[in-house]
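Dear colleague,

Please find below the structure that I am handing over to you. My notes on what was found in it follow directly.

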Amino acid sequence: MNTKTTVISQAELDAQFAFCDKIADYWRARGRTPGAYVETYGCQQNEADSEKLRGYLTQCGYAIVREAEGADVVVMNTCAIREHAEQRVFGNLGALTHTKRRHPEQKIFLCGCMAGEQSVSDRIRRSYPHVDGVFSTHHLWQFPQILWNVLTGSKRQFLIADEPGSIAEGIPQVRDSKLKAWVSIMYGCNNFCTYCIVPYVRGRERSRQPEDILAECRSLIENGAREITLLGQNVNSYGKDLDCGMDFADLLAEIAQIPGDFLIRFMTSHPRDASEKLFDTMAKYPRIAKQLHLPFQSGSSRVLKAMNRHYDRETYLEKVNYAKKVMPDLVLTSDVIVGFPGETEEEFEETISLIQQVHYDSLFTFIFSPRPGTPAAKMDDPTPKEEKNRRFDRLCAVQNAISEEIHNAYIGKTLGCLVDGRDKDMLTARTEGGRLVRFPGCDELIGTWQNITITAATTWSLTGALAGAI
Ligand code: SAH
Ligand code: SF4
Ligand code: F3S
């Protein structure tokens, strides 16, 4: 496999736009507006990719619709991170045989991280004949061409070559929200944590040029974005593959100095590369949210080594303590895996004690899921499933009590929040730390910053009352 990043040229993209025009003409000749449905699984990276798929589809003349039933195109943008995520996709893909039977012209595509696995594309080739095309994340930029080939009767399309990955600037995007925007600053991952499939399906780490990122952020802010979340599997290694003399902290500082009324968030930070410089930069700029998602995965240094995480319990704690020292109001969240192969009861207890020591606002908790092709899938794993479930439940109970305690401490406090939407009879807002607040109010407040006094709390969310504009 070659390891060089390919930059997609303007001429190559223009060729894709020419396919968009041809598809738009195709539908114009049929005298109706076709519908397209994109279903997204997995993380924000996939959400961001789906905005590009919708951008292309819109340029091809499709109206974006909210369900597969009756849609002319269905795209399943999938996640491969755990077995359960894949089972859900296969289940939903099976159900599409019925929508296609009722609407035989329907074209069905599977893309995203699962499409990067040879075994998945083999299974679709064999057992899911109603699927017209499979393309990995490396081929997303070629979607108009793939769609055109399928529309004009070519054979089923399978574009899943094992590649280090490319960077394509200028793909149109239809964003879910005007207020909140995802901005990918890099793609892929080089870390090869032993349990994780991402490096195999998303290719090598590659950073976008800082001027492209800054231009995108400027334009979003000018067009009313109030919150920008920078995305990458390991944002802290931003720039290592470029010769631009800029690291992630420098990039954050540049974005934080764009004039406007906005907040910056980012994810995910790998603890190995999280530096004091990064935390100092976060502390220095008011526009950088005091929120940090710093996955620790395990509280045991032995397990961390087996996971190939390149930090131990002590260095993780040192980093967290420094971040908390320079940002006393920091909202800290994390990911943790229970039941990694060979994890002993004592090692699990080290995870519990780390949670109690750090006091996270919330945690994303996972039971280890063996991913074919990763080193951990071949490791000896003698712990029975029931035991892993018991550990998982215990961990969740410990964290829920901590989250509840932290949330209860908000009661009576007044926090600056961005009002971002409505959920039934309440408006929703996010604190600077990213906590969800629900409060009564009218829709004109959506898109504004408001002070909200917290009146009640649960493990998951806060309820409040309006205390006036900021
Ligand atoms: N790049 C991010 C993580 C992306 S995946 C980082 O390194 O922090 C999101 C989370 O899924 C991971 O942090 C991990 O906790 C979990 N995860 C990944 N692979 C998994 C597996 N095979 N089984 C269980 N959980 C897994
Ligand atoms: Fe997976 Fe590790 Fe890369 Fe995160 S840093 S995406 S867990 S290999
Ligand atoms: Fe899933 Fe791919 Fe994200 S595997 S978690 S969608 S990078």
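Apart from neighbours within four places in sequence, Gly434 is in contact with Arg265 and Gln291, contact meaning heavy atoms within 4.5 Å. Gly434 and Arg265 lie 169 residues apart along the chain, and their C-alpha atoms are separated by 8.9 Å. Gly434 belongs to the loop between β18 (426–431) and β19 (436–439); helices (H or I, at least four residues) and strands (E, at least two) are DSSP runs, numbered from the N terminus. With a relative accessible area of 10%, Gly434 is buried, that is, under 20% relative accessible area with a 1.4 Å probe and protein chains only.

Please note that this is a predicted model, in which local features need pLDDT of at least 70 and side-chain atom pairs count only at pLDDT 80 or more, while totals for chains, interfaces and linings use all residues. Residues are numbered from 1 along each chain as its sequence is written, chains are lettered from A and ligands numbered from 1 in the order in which they are written, and side-chain values use heavy atoms, with hydrogens and water left out.

On a 1 Å grid over the protein atoms alone, a pocket is an open set of points with protein on both sides within 12 Å along at least five of seven lines, a cavity is a set where a 1.4 Å probe fits but cannot get out, and lining residues have an atom within 4 Å of a point. A volume is the space filled by probe spheres set on the points, which are joined across faces, edges and corners.

The second largest pocket holds about 860 Å³ of space. It is lined by 32 residues, of which Gln44, Gln291, Phe364, Arg430 and Gly434 are the closest to its centre. Helix α13 gives the most to this lining, with five residues. By class, the lining of the second largest pocket comprises nine nonpolar, 14 polar and nine charged residues; Ala, Val, Leu, Ile, Met, Phe, Trp, Tyr, Cys and Pro count as nonpolar, Asp, Glu, Lys and Arg as charged, and the others, Gly among them, as polar.

The largest pocket has a volume of about 1200 Å³. Among its 49 lining residues, Cys43, Ile81, Arg82, Asp335 and Phe366 are the closest to the centre. Its lining consists of 26 nonpolar, 16 polar and seven charged residues.

There is one cavity of 30 Å³ or more, and the largest cavity has a volume of about 220 Å³. Of the 14 residues that line it, Asp49, Lys52, Thr137, Ser166 and Tyr187 are the closest to its centre. Both α2 and β8 (166–167) supply at least two residues of this lining.

In α12 (residues 345–358), the buried residues are Glu347, Phe348, Thr351, Ile352, Leu354, Ile355 and Val358. Seen down the axis of α12, they fall within an arc of 160°, so they line one face of the helix; the arc is that of the directions from the helix axis to the C-beta atoms. These buried residues pack against α10 (301–306), α11 (313–326), β15 (331–338), β16 (362–367) and α13 (385–408). After α12 comes His359, whose phi is positive, near 65°.

In α4 (residues 118–127), Val120, Ser121 and Ile124 are buried. Their arc around the axis is only 95°, which puts them on the same side of α4. The buried residues of α4 pack against α3, β5 (107–112), β6 (133–135) and β7 (157–159).

With kind regards

How values were computed:
Buried means under 20% relative accessible area, exposed over 50%, partly exposed in between (1.4 Å probe, protein chains only).
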